[in-house]
Amino acid sequence: MMKRLCLSLFVIVAVSAAAARGPLRPALLFAQQPQQQDEFIPIDQLPPQDQLPAAPLLVTAYSFVVLALFAYLISVARRLGVVQRELDRLQSDARRGRT
Amino acid sequence: MFARVVWLVLRKDLTVEVRSLEIAYTTLFFAVSCVLVFAFALVREGRAPEDGAAGILWISIAFAGTLALGRAFERERQSETLRALLLAPAARPAIYVGKLLGIVALLAACEIVLVPLVALLFQAPLLAQPLWLAIVLLAGTIGFAAVGTLFAAMLVRARTRDVLLPVLLYPITVPVIIAGVRATATLLQPELDMDSVRFWLALLGCFDVVFVTLALWTFEPLMTD
Amino acid sequence: MPKWFLPLAIVCGLMFAVAPILIANAPYESTMGLVQKIFYVHLPSALIFLLAAVVCGVASVRYLFGGNPRHDRIAWAAAELVVLFGIITLVTGPLWARKAWGVWWQWDVRLTASLMGWMVAVAYLLLRKYGGPGSDKLAAGLALFGMANVPFIYISVNYWRTIHPTTNVLPTLPVSMGFPVWFTFATFFLLFILLLRMRVRLEEQRAQLDALYLSVDA
């Protein structure tokens, strides 16, 4: 009974999502349009002194990617090391018969 | 059978609440303080920002709702009635729906006070379209409470439940809040754009259906600890 | 570690070495110039961010309804990778946007939904760390809601008019740009598999440690 209820609810979701898509997009486009034109100016229409150099942004982006991946790798490796050392200590204690 | 369990749980919650009105009064006062803090913080030269009403209303509802959820389940935990509820031969989803309706009723009572207050403090024509506003508030409250009831019930036995409830709740319910604020803001415009309101309401309805379905599906395994 | 781990790690390392060469040799995009090269890491990391969220959600569902702790470990590992690849996407995106759109951030649908999805993953990790006993099942429930967000993030840009490019961009890329981006995606995907396996191993070791403590005490 629960499964039927869930199935019917999902059908309702799918139908309403499909229905909401079509006729209401124009309304939403109108609602969003003024905001877009205020903020977005194509970059080549800006005067030269407003244009940003791309290289620092590019270098920052790629360095961040490398640093983030390395930081995570080191974090996992460190945590693995801690647990491994603890495991080894416990196993050697157990072998020696100590509780 | 399902409806009967829902009604029994709802009646129990409402009876307990009406007897002491503890959660109702404290939640209401907190929501009013929230609105006042926003009013004082955002007022410039004695006038409040014009477009702030919708956002502030929904933020106050979200904060007050989190408080009410925490308190409601804390009461269950303290009197150990949660275990009794789970031991009862009732379908878990029915218990969830009963609790959900109780929270929605509590939040609706708060909103009845909050809406005129926000309309007054921010000079917003919130009462211009009362029926549509009521529908928007109901849809948004159900969406927020659906996720909130599930998480609050889940967290009732966790250690750091007080701080974890907002941490878990807000990222998930942000779409509901956004849709609610946009729908309310659209209702406040002088020229009413009914297409836009209907769109945001349809979106709110979708979120409600998805959240309630997911909550019904997961309530059983999550509460069998 | 399983047998496939080391060879795959070597392949992944080599691919990481080759990828910058491919990216540097890709043609410039006409309106955005040099800064568009951020696309070659932004898109793959965004796709892996979504993939990791789906993996976390599916593993959480299997753990909730099946109870196998292995699925719980995969879910936790995938959640950490959601945070990792999410933060890469959410940093490289604004760095690109600053020059391409003129603003660091816009509250449009895709960016808002992605940020919220990332925060759900952070909330998952906080819950696992500070939630106490029983937080594994609770976090699984949270991950399920987070996974429901993923298709919304992906298709939202096609139904709302936003400043972010739509998904039509991908199939219509010329081969000279398409090859580097899919190569980088394959590299990130391999890295995702490797990191997932490493992180799951950490949880396996922790479980072994707990079991050993319990057996020693008994």
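How many salt bridges are counted between chain C and chain A? The count is one. A salt bridge here is a side-chain nitrogen of Lys or Arg within 4 Å of a carboxyl oxygen of Asp or Glu.

This is a predicted model: local features need pLDDT of at least 70, side-chain atom pairs count only at pLDDT 80 or more, and totals for chains, interfaces and linings use all residues. Residues are numbered from 1 along each chain as its sequence is written, chains are lettered from A and ligands numbered from 1 in the order in which they are written, and side-chain values use heavy atoms, with hydrogens and water left out.

**Stop 1: the salt bridge.** Select C:Glu80 and A:Arg79. Their side chains form the salt bridge, at 3.1 Å from N to O.

**Stop 2: the C–A contact.** Show chains C and A together. Chain C brings 45 residues to the contact and chain A brings 38; contact means heavy atoms within 4.5 Å. Together they bury about 4100 Å², 73% of it on carbon and sulfur atoms. Buried area is the accessible area (1.4 Å probe) that two parts lose on being put together, summed over both.

**Stop 3: chain B.** Select B:Lys99. B:Lys99 counts as buried because its relative accessibility is 7%, and buried means under 20% relative accessible area (1.4 Å probe, protein chains only).

Technical notes. Buried < 20%, exposed > 50% of the residue type's maximum accessible area, 1.4 Å probe, protein only.
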